[in-house]
Amino acid sequence: MKIVVTVKLVPDANTEKRIDPATKRLVRAGVETVLNPFDEYAIEAALQLKERLAAAPGSAEPATVTVFSMAPESAREVLRKALAMGADDAVLLCDAGLQGSDVWATAYAVAAALKKVGFDLVVTGGLADDGNTGGVPGALAEYLGVPGLTNARAIEVADGKLKVQRETDTGYQVVTGPMPALVSVTMAIGEPRYASLKGIMGAKKKTITTISLAELGLDRAVGSDGAKTEVRELAAPPVRGKGRVVEASDGAQGAQVIFDYLKEKKLV
Amino acid sequence: MTATERERVAAPHPTDFLNVDALLSDEERLVRDTVRAFVRKRVLPNVARWFEEGILPLELSRELGELGLLGMHLEGYGCPGASAVAYGLACMELEAGDTGVRSFASVQGSLAMFAIHHWGSEEQKREWLPRMARGEAIGCFGLTEADFGSNPAGMRTSARRDGDDWVLNGTKMWITNGGIADVAVVWARSDDGIRGFVVPTATKGFSTAKIEHKLSLRASVTSELLLSDCRLPGSAVFPEVRGLRGPLACLSEARYGIVWGVMGSARACYEAALDYAKHRVQFDRPIAGYQLTQEKLVNMLLELNKGTLLALHIGRMKDEGRAHPAHVSFGKLNNVREALAIAREARTILGANGVTLEYPVIRHMNNLESVLTYEGTSEVHTLILGQSITGLAAFS
């Protein structure tokens, strides 16, 4: 069984970011690029599944985990981290013509690449920490022509069928489906593992294959030419006010003041 | 530099000002990131309490083992065989958490495991190293005695041959991990010079006593090792090595880790001070805006970056097989001295908050007082360097 995890590179959320007023793009200089934190959960989900399948009695051929990213050449370092966590190999779709791809163009190009790579199951994170659209998993499933089971908090594979717990606002649904399929996961899937030292050293020997746009033979334009959306304006979020400090003689009185306030706002 | 060039070059990072990061390989950065993430999640939220209560949770040993950080620079026997630089980076990140945690890993990997790996018989290596690498067995290293610190050659602990067996008697002092160890590497005087022994701590005649009332390295177990007619089979001795070069080879390894480790402590103190100075308002503006505070911060920044570069330089020399023990003394002397100065300076910026465990500064500052004298006092390292450049030994 071949599991492919799609991952994205994003600017580190812990660093201060600036927007270039002229290009309306993020100033990348001095901002470290990291593996999208939500994608770490997707890698964890895939590795857990692989381990469970290996441990299951009478399991057929072993599962493999391939990490896939559409990114510049500099993504190799980040892909190494995924390999160090335990993925078997990696594929990098890398082409200058992909620059400026929006959700549609990304899903279209990635779907073509994944068809070429081959898969039984695609696992994705719920959204990316930079764009925050959360639109790619659904669109990707559509272009792959496979069921898209989103917001999974648990994944099971038995007898070639998929069983997923889908997180909802009030609880979770149990959904089953055939494979191949795409599953996007939430953070409830389990804390991503650390890359151990042996994993890091072993990652050196694993392969990262690069594919270019020309190899995909797409019939529609991608990158900024094919994007269906355009960023018109970027702005920093408004600076938050200082908030209100409640002064109270004791905890009970303070709690009462906060309770009254929440009640007034109809929040409790 | 033209105006456009200035725009293109990224502004220096407030901590890694010289961009030492760019001198590391992808793999080295991954090691650093892994250990940093572990420390951020596992150590930093808990370490103030560990320090206050004077404990180091035992389960940390297996967690460090799972990450592959115990004996990480050794090869074979379940050890990953990482480079000296990768090992140094791990020490730096662990010590940015707490010196006690780094000391645990140093003693396990660079003293106990290194000694067995370097001097042990095949049987000793197979018996102990894989379990120690996984953190299932904890090791300690018994060299220092109450009256013989800088002068280990004077040690009184004795090893007497009795048929095929060895019988050990004596007391070792200030032994990190002593009370929690499963195995002790003990150095003792025999008719045949100083010999090293692998002593399972369950052996009859071996016991430990906890050293209490420390105001430094509180998140670390320090013990006395008591050997009273402790009888060991002939296979317990390190087969080849005799004399002080046995333990000294191990010390040089552990000292190397300290060159990096203390820059982790220094970084934690500097970052705490910088952050505090930017937010602490006095006379209607942040104290970071005052010249005296800026001078302190800048002095800290200079020594932190220089010390880190020095650690990396010695690490690269070590990986190329060009590092002399005197180079390690150079690094330990300089970096511990500067880390302590940085911690003390940071303390002043934090004012009264600088003496509470709510901030990391006083904890690091107190820990560094131990680091100043363990693994060779600064005086001894000064004299090693003095001898190296003059050819004259001022001690012996």
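1. How many residues does the contact take from chain A and from chain B? The contact, meaning heavy atoms within 4.5 Å, takes 16 residues from chain A and 19 residues from chain B. The model is predicted, so local features need pLDDT of at least 70 and side-chain atom pairs count only at pLDDT 80 or more, while totals for chains, interfaces and linings use all residues. Residues are numbered from 1 along each chain as its sequence is written, chains are lettered from A in the order in which they are written, and side-chain values use heavy atoms, with hydrogens and water left out.

2. Between them, chain A and chain B bury about 1,600 Å², with 64% of it on carbon and sulfur atoms; buried area is the accessible area (1.4 Å probe) that two parts lose on being put together, summed over both. Of the area that chain A buries against chain B, 42% comes from A:Glu77, A:Tyr194 and A:Leu197, more than from any other three residues.

3. The rule finds 3 salt bridges across this interface, a salt bridge being a side-chain nitrogen of Lys or Arg within 4 Å of a carboxyl oxygen of Asp or Glu. The side chains of B:Lys41 and A:Glu191 meet in a salt bridge, at 3.9 Å from N to O.
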